[in-house]
Amino acid sequence: MKQEYTIYFRGFKESDTEQINRWRNDRDIQALVSAPFRYVPEAIEREWVKRKMMENRHDIYLAICLKSDDTMIGYVSVNNIDYVSRTADGGGVVLDRRYQDGTARYELGMLIRELVFDQLNMNRYVGRCLREHTTSRIVMEATGYKFEGYARQAVYKDGKYHDQCVYSLLREDYYDMMERGEYSLKNFARKVKTLKKQYETEK
């Protein structure tokens, strides 16, 4: 039985530009991604949105919207899609502050995995985050991603170099977890709680 979600993906529209630009220039939201912060004028943002609407074979950018009223609450991307080796990279997630925890975050992960493995037919999906971004690490580990190691000093942000954590999820692992019911909201919440305690103990 197919799971019902409260959110859905759609392609970018030019009318999304203003909202995307607000998130892009919000330092608190950008602190949660690996890329360094830089102010982006709306005119440049508009051209960027247009490009992402057209160039969608190897990099796919999608708006995250509420089913209830079609409000855009964030956006997500799948990048470096290789249709021969069947690999892809997670390009990061931008979510409005009101939706960074809870059901929307859980459903977002489910929709991304369905897109990557069920629709794009990928075999390997790679996720990356800064070493200190423990929330991102917890979410990936709670959903079956395997930690592969650190890319040392891979990102320059806020005046210093940061190590980047590299994770991967394989198609076989994804389907195995789906078959065992490991992707239920209850199991996800339980794993997140356990991992939070583990990371707090290690500090």
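Guide: The largest nonpolar core has 39 residues, and Val 78 and Tyr 125 have the most contacts inside it. Keep in mind that this is a predicted model.

Visitor: Which helix gives the largest share of this core?
Guide: That's helix α4, residues 103-119, which puts in nine residues.

Visitor: And what is Tyr 125 in contact with, leaving aside its neighbours within four places in sequence?
Guide: Quite a list: among them are Ser 77, Val 78, Ala 88, Ile 112, Phe 117, Tyr 145, Tyr 167 and Leu 169.

Visitor: What does the second core include?
Guide: Trp 23, Trp 48, Cys 65 and Val 94 are in it; that core is separate and has 12 residues.

Visitor: OK, on to the strands. How many residues of β3 are buried?
Guide: Nine of its 11, so β3 is largely enclosed by the rest of the structure.

Visitor: How do β2 and β3 run, parallel or antiparallel?
Guide: Antiparallel, with six bridges joining them.

Visitor: What's in the hairpin of β2 and β3?
Guide: There are five residues between the strands, and Asp 70 takes a positive phi near 70° there. Asp 70 is a residue other than glycine with a positive phi. Its relative accessible area is 49%, so Asp 70 is partly exposed.

Visitor: In what sense do β3 and β4 pair?
Guide: They pair in the antiparallel sense, over six bridges. Val 76 stands opposite Val 93 of β4. This hairpin has four residues between its strands, and Arg 86 in the turn has a positive phi of about 60°.

Visitor: What's Gly 92 in contact with, skipping its neighbours within four places in sequence?
Guide: Tyr 75, Val 76 and Ser 77. Gly 92 has a relative accessible area of 38%, so it counts as partly exposed.

Visitor: How far apart are Gly 92 and Arg 22 in space?
Guide: They're 17 Å apart, C-alpha to C-alpha, and 70 residues apart in sequence.

Visitor: Back to β4 then. How does it run against β5, parallel or antiparallel?
Guide: β4 and β5 run parallel, and three bridges join them. Thr 87 has Arg 124 as its bridge partner in β5. As for cover, five of the seven residues of β5 are buried.

Visitor: What about the loop between α4 and β5?
Guide: Asn 121 lies in that loop, and its phi is near 60°, a positive value in a residue other than glycine. With a relative accessible area of 37%, Asn 121 is partly exposed.

Visitor: How many bridges join β6 to β7?
Guide: Eight, between β6 (residues 146-157) and β7 (residues 160-170), and the two run antiparallel. Lys 146 has Ser 168 in β7 as its bridge partner. Two residues separate β6 and β7 in their hairpin, and Asp 158 in the turn has a positive phi of about 55°.

Visitor: Switching to helices: which residues of α5 are buried?
Guide: Arg 137, Ile 138, Met 140 and Ala 142.

Visitor: And what covers them?
Guide: The cover includes β5, β6, β7 and α7. Just after α5, Gly 144 takes a positive phi of about 95°.

Visitor: How do the lining residues divide into nonpolar, polar and charged?
Guide: Seven are nonpolar, four are polar and five are charged.

How values were computed. Residues numbered from 1 in each chain as written. Predicted model: local features only at pLDDT ≥ 70, side-chain atom pairs only at ≥ 80, totals over all residues. Heavy atoms only, no water. Buried < 20%, exposed > 50% of the residue type's maximum accessible area, 1.4 Å probe, protein only. Contact = heavy atoms within 4.5 Å. Nonpolar A, V, L, I, M, F, W, Y, C, P; charged D, E, K, R; others polar. Core = buried A, V, L, I, M, F, W, Y, C linked by side-chain atoms within 4.5 Å. Pairing = 2+ DSSP bridges.
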